[in-house]
Amino acid sequence: MKSQQSSPSDSPSAQLRQTLRELNNYRFSHLKDPGCKKRASVALIIRVRPTFPDRASFDAEKCSRKAGTDDSRLESFFDQGWVQRGEPEVLFIKRAARKGDRWTSHIAFPGGGRDPGDEDDAATSVRETMEEIGLDLETDNCLCVGNLSERVVTTWLGKTPYVI
């Protein structure tokens, strides 16, 4: 039997890099008049956990917001050895259990409804993430990669349409 060796392009980090490249270049569709007033946004938060003996390090010259475009920052991040050998992780939250709350105990991405003061959907997800878990997505060591297309969905009650 022939043993199969995995190539560097099969690693979780390499696959994540390719997916984020595609998302960064994806031009999402914006619904002009979805016919509903409520909007919600969530943040998909991915971090790369270094494996032993590597240590995470932030190269401000290559990865900070001042260092260049999102494309170049994304490439600089994934060019680091500890990232290539690291293990990607996705952040989920478990909503609090409260009587009468329709979202009680749900597993979800951080996020929620848009407030009148939110400039756009990205601002909603940044604000909601800070409120729910205390993570500031506007720091230099966070990289916003892109948006998915907007969707009109209804709640589990089937009555209220939302744009997500």
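**Figure 1. Thr124 sits in helix α5, which runs over residues 121–133.** Like every view here, this close-up comes from a predicted model. Thr124 counts as buried, because its relative accessibility is 0%, under the 20% cut-off. Look for its side chain meeting that of Asp118: the two make a polar contact of 2.9 Å. If you set aside the neighbours within four places in sequence, Thr124 is in contact with Ser41, Gly112, Gly113, Arg114 and Asp118.

**Figure 2. Asp120 lies in the loop between β6 (111–113) and α5.** Here we're looking at a residue that counts as partly exposed, with a relative accessibility of 33%. The side chain of Asp120 reaches two backbone nitrogens of the chain: that of Ala122 at 3.2 Å, and that of Ala123, which is 2.8 Å from a polar atom of the Asp120 side chain. Asp120 and Arg39 are 81 residues apart in sequence, yet their C-alpha atoms are 9.9 Å apart in space.

**Figure 3. The largest pocket has a volume of about 1,600 Å³.** Its lining is made up of 49 residues. Several elements give two or more residues each to the lining: helices α1 (12–25), α3 (70–79) and α5, plus strands β1 (38–42), β2 (46–49) and β3 (87–90). Sorted by class, the lining has 31 nonpolar residues, along with nine polar and nine charged ones.

**Figure 4. Cysteines without a disulfide: a search of the whole structure turns up zero.** A quick reminder before you zoom in: a disulfide is a covalent bond between the sulfur atoms of two cysteines. Cys63 is another cysteine to look at: is it buried or exposed? Cys63 is buried, because its relative accessible area is 7%, and under 20% counts as buried.

Conventions: Residues numbered from 1 in each chain as written. Predicted model: local features only at pLDDT ≥ 70, side-chain atom pairs only at ≥ 80, totals over all residues. Heavy atoms only, no water. Helix = DSSP H or I, 4+ residues; strand = E, 2+ residues; numbered from the N terminus. Buried < 20%, exposed > 50% of the residue type's maximum accessible area, 1.4 Å probe, protein only. Polar contact = N/O pair within 3.5 Å; in protein donor to acceptor, adjacent residues only side chain to side chain. Contact = heavy atoms within 4.5 Å. Disulfide = S-S within 2.5 Å. 1 Å grid on protein atoms, 1.4 Å probe; cavity = no way out; pocket = protein on both sides within 12 Å on 5 of 7 lines; lining within 4 Å. Points joined across faces, edges and corners; volume = space filled by probe spheres on them. Nonpolar A, V, L, I, M, F, W, Y, C, P; charged D, E, K, R; others polar.
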